[in-house]
Amino acid sequence: MKFGMWMVSVDNSKSSFGQQLLHLKYSTDSHIWKLRTLGLLTIGGPYIKERIFNLSGSNQSLRRVNSLMDGVETLIKILNIFTIVNFLRKGGSPSFLEYILNLIPVSTVPTSKRNVGYAYMTRELIWHGFIELLVIIIPLINYSKLKRKVTKMIRGSVSTEPSSLNCTFSTNSKCVLCGEPPILPHQMGCSHTFCFYCLATNRELDSSFECPECGFNNPESSAMKPVHAFS
């Protein structure tokens, strides 16, 4: 059935149905026998190989034929790679079988002159290049550290000594980072309370993390302690 559809298509328009959708056909000097041979090899070859494989069973002769066809198929795939590389460089036939049969697909769309807006194209290229640059750079930016540095520039120098006030926890306590009631409340030496996740994440991202309220900083890993005092 596939071969019949191929024959009908190439006999009428010198192209397959898929090529017609892409506005392609084989050049007008392509002989019809070459197109039929291409269809026979690309459609009939895999069909015969599958039939031999199904019928081989314990038949050693058919198994040898099947192994031989596997080798031929592998060789054609390797040759297809070289043919595609040559096609990308010089054009012509995109597959090995088309190359040996001298079948060259051509466009059915008539060529026409068109004006190219180089200024517009240049802007588009610059814009897409800038977007790609941002995609690479943005994930590398440490926003926590950048925010701390900007805040420090605005606020000036801050104390690095722990607050004299005890860190207490009550029903009105809020995490100074997310502004929500602390989940697993922790502190790092000052009088302010954090969620464990908020504090641990920021300290992991920035080794010099400072309390956003008082500016206290303690890089020691033992600084994070749970808050047990309630009032």
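**View 1. Ser27 sits in the loop between strand E1 (24–26) and H3.** Helices (H or I, at least four residues) and strands (E, at least two) are DSSP runs, numbered from the N terminus. The model is predicted: local features need pLDDT of at least 70, side-chain atom pairs count only at pLDDT 80 or more, and totals for chains, interfaces and linings use all residues. Residues are numbered from 1 along each chain as its sequence is written, and side-chain values use heavy atoms, with hydrogens and water left out. Ser27 has a relative accessible area of 15% and is therefore buried. Buried means under 20% relative accessible area, exposed over 50%, and partly exposed in between (1.4 Å probe, protein chains only). Leaving aside neighbours within four places in sequence, Ser27 is in contact with Lys14, Ile104 and Val106. Contact means heavy atoms within 4.5 Å. Thr108 is 81 residues from Ser27 along the chain, and their C-alpha atoms are separated by 9.6 Å.

**View 2. Helix H1 (residues 2–13) packs with helix H3 (residues 32–56).** The angle is about 155°, and the axes are 10 Å apart. Axes are lines fitted to C-alpha atoms, for helices over the stretch in contact, and angles run from 0 to 180 degrees between N-to-C directions. H1 and H3 are therefore roughly antiparallel to each other. On this scale, angles under 35 degrees count as roughly parallel, over 145 as roughly antiparallel, 65 to 115 as roughly perpendicular and the rest as oblique. H1 passes H3 in a right-handed crossing. A crossing is left-handed if the near helix is turned anticlockwise from the far one by less than a right angle, and right-handed if clockwise. H1 contributes Lys2, Phe3, Trp6, Met7, Val10 and Asp11 to the contact. From H3 come Ile32, Leu35, Arg36, Leu38, Gly39, Leu40 and Ile43. By class, the contact has nine nonpolar, one polar and three charged residues. Ala, Val, Leu, Ile, Met, Phe, Trp, Tyr, Cys and Pro count as nonpolar, Asp, Glu, Lys and Arg as charged, and the others, Gly among them, as polar.

**View 3. H3 also crosses H4, at roughly 145°.** The two axes come within 9 Å. This crossing is left-handed. On the H3 side, the contact is made by Gly45, Ile48, Lys49, Ile52, Phe53, Leu55 and Ser56. On the H4 side, the residues are Leu62, Arg63, Val65, Asn66, Met69, Asp70 and Glu73. They divide into seven nonpolar, three polar and four charged. Asn66 is found in helix H4. At 10% relative accessibility, Asn66 counts as buried. Beyond neighbours within four places in sequence, Asn66 is in contact with Lys49, Ile52 and Phe53.

**View 4. Thr83 is found in helix H4 (residues 60–90).** The residue is buried, with a relative accessible area of 7%. Thr83 touches Ser93, Pro94, Ser95, Phe96 and Tyr99, not counting residues up to four places away in sequence.

**View 5. Phe194 and Phe209 form an edge-to-face pair.** A search of the whole structure finds one aromatic pair. The ring centres of Phe194 and Phe209 are 6.4 Å apart and the planes lie at 70°, so the pair is edge-to-face. Rings of Phe, Tyr and Trp (its six-membered ring) pair if their centres lie within 6.5 Å; planes under 30 degrees apart count as stacked, over 60 as edge-to-face and the rest as tilted. The pair links distant parts of the chain, 15 residues apart. Phe194 lies in the loop between strand E3 (186–187) and helix H8 (196–205). Phe209 lies in the loop between H8 and strand E4 (225–226). Phe194 is buried, with a relative accessible area of 0%. Phe209 is buried too, at 6%.

**View 6. Asn102 and Leu184 have positive phi values.** Most residues other than glycine have a negative phi. Phi of Asn102 is about 60°. Asn102 lies in the loop between helix H5 (96–100) and strand E2 (105–107). Phi of Leu184 is near 55°. Leu184 is placed in the loop between helix H7 (143–155) and E3. Leu184 is exposed, with a relative accessible area of 58%.

View 7. Read along the sequence, the pattern is α-α-β-α-α-α-β-α-α-β-α-β. Buried residues make up 24% of the 231 residues in the chain. Among contacts with a separation of 6 or more, 49% are between residues 24 or more positions apart.
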